[in-house]
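I opened this model to look up two things.

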Amino acid sequence: MAELSRPTYQAIVQAAVEATGSTGGWLLAVDDGSFTVLAVYGHDGAADRVGERVGADGAAGFVATSGQPAAMQISTDDVDNDGAGGGAGTPSAILAVPCGTEEVIGVVELVDPAGGAYSFDDVEVVSMLADVAGAAMTETGAGPSAPSPAALSRWLERLAASDAGRYAAVARAVESLL
């Protein structure tokens, strides 16, 4: 993977955090069923997490799988989103947006906006920044490597569970080729 501490990645996350009034956020590269942290902004000590591999769970995992942005309020007992946006604990709100044009190669994930909830305008602004992040990731080679057949099968199974009619046929076709 390309150099992980690229100033461009950091600037994109910082711009997204500041534009939405979030307490923090991060840029994650999709990497064979998990994520690699490319940049973090807004949390004490979070810069140490750059290069760390984290699970493809919660809102970021949903966005990486579906390819659609998600803005949501989170329950305090929601352990799936614990540590979202590079912070400690469970946030009260999350905005996660996919990066990449033809395939999802990363996710920008932000947490806890000043107003308590993300707006449609927040989704639009972060989507534009995520497009820039996707282009930067493609240019620097920080996107995912080709998934293994087993990883591809796992991702397709998750997609099949979220929209059985649409993705089950794709999963069966791919599995028959393996």
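I began with the hairpin of E5 and E6, which has six residues between the two strands. Gly100 sits in the turn, and its phi is positive, about 120°. I keep in mind that this model is predicted.

Next I checked the pairing itself. E5 covers residues 93-99 and runs antiparallel to E6, with six bridges joining them.

Then I asked what joins E6 to strand E1, residues 22-31. I found seven bridges, and this pair also runs antiparallel. Here Leu27 stands opposite Val108 in E6.

Is E6 buried or exposed? E6 spans residues 106-113, and seven of its eight residues are buried, so the rest of the structure largely encloses this strand.

I turned to the helices. H1 is residues 7-20 and H3 is residues 120-140. Their axes lie 10 Å apart, at an angle of about 175°. Angles over 145 degrees count as roughly antiparallel, so H1 and H3 are roughly antiparallel to each other.

I listed who makes the contact. From H1 I noted Thr8, Tyr9, Ile12, Ala15, Ala16, Ala19 and Thr20. From H3 I noted Asp122, Val125, Val126, Leu129, Val132, Ala133, Ala136, Met137 and Thr140. Last, I sorted the H1 and H3 contact by class: 12 nonpolar residues, three polar and one charged.

Methods: Residues numbered from 1 in each chain as written. Predicted model: local features only at pLDDT ≥ 70, side-chain atom pairs only at ≥ 80, totals over all residues. Heavy atoms only, no water. Axes fitted to C-alpha atoms, helices over the stretch in contact; angles between N-to-C directions. Helix = DSSP H or I, 4+ residues; strand = E, 2+ residues; numbered from the N terminus. Parallel < 35°, antiparallel > 145°, perpendicular 65-115°, else oblique. Contact = heavy atoms within 4.5 Å. Nonpolar A, V, L, I, M, F, W, Y, C, P; charged D, E, K, R; others polar. Buried < 20%, exposed > 50% of the residue type's maximum accessible area, 1.4 Å probe, protein only. Pairing = 2+ DSSP bridges.
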